[in-house]
Amino acid sequence: MASRAGPRAAGTDGSDFQHRERVAMHYQMSVTLKYEIKKLIYVHLVIWLLLVAKMSVGHLRLLSHDQVAMPYQWEYPYLLSILPSLLGLLSFPRNNISYLVLSMISMGLFSIAPLIYGSMEMFPAAQQLYRHGKAYRFLFGFSAVSVMYLVLVLAVQLPPRSSI
């Protein structure tokens, strides 16, 4: 084979590249899917960190009760959703399928189940807010129910795709 600066190999005009080996399509898809899953896991980590910060401020009473409400019950089990995400990240370097399967199963248990419970837990407060305009919990002046439903909408979109 010729170097970049040297002459072309004898007996070729450069059009014989079609017979060379290529990376199989399933390996190309694997790399693409790993990249997409990693992006989703990192977004999940950002949401998780924001939730941890909110809960820490609420528990440690760093701000007044009027600005940051105490956490909802669903937020505590949702904190465990970091474990399946980390397990998923650990499965990528060596294509460890058992870690990936365990990550998928535990993502449903630790992430999706608390989100479903959270939407049911906050529903009466959301009804109260939208029917009567009364909110009892606040996050920096905004209704806590509205903000947390926004977080739920974002979080529900992440776990199923990040565990595929």
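Trainee: Does Lys54 count as buried or exposed, and at what relative accessibility?

Mentor: Lys54 counts as buried, because its relative accessibility is 12%. Buried means under 20% relative accessible area, exposed over 50%, and partly exposed in between, with a 1.4 Å probe and protein chains only.

Some ground rules. The model is predicted: local features need pLDDT of at least 70, side-chain atom pairs need pLDDT 80 or more, and totals for chains, interfaces and linings use all residues. Residues are numbered from 1 along each chain as its sequence is written, and side-chain values use heavy atoms, leaving out hydrogens and water.

Now the setting. Lys54 sits in helix α1, residues 25–60. Helices are DSSP runs of H or I with at least four residues, strands are runs of E with at least two, and both are numbered from the N terminus. Other buried residues of α1 include His44, Trp48, Leu51 and Met55. Just after the helix, Arg61 takes a positive phi of about 55 degrees.

Next, the partners. The side chains of Lys54 and Glu75 are joined by a polar contact of 3.4 Å. Such a contact is a pair of N or O atoms within 3.5 Å; within protein, one must be able to donate a hydrogen and the other to accept it, and residues adjacent in sequence count only if both atoms are side-chain atoms. Beyond four places in sequence, Lys54 also touches Val68, Ala69, Met70, Pro71, Leu139 and Met148. Contact here means heavy atoms within 4.5 Å.

Met148 leads on to the largest nonpolar core, where it is among the residues with the most contacts. A nonpolar core is a set of buried Ala, Val, Leu, Ile, Met, Phe, Trp, Tyr and Cys residues joined through side-chain atoms within 4.5 Å. This one has 16 residues, including Trp74 and Tyr78. Helices α1, α4 (97–132) and α5 (144–157) each supply at least two of its residues. The largest share, five residues, comes from α5.

Finally, the record. An unreviewed UniProt entry lists residues 41–64 as one "transmembrane region". UniProt positions follow the numbering used here, feature names are shortened, and annotations may be inferred rather than shown by experiment. In the model, residues 41–64 are 83% helix and 0% strand.
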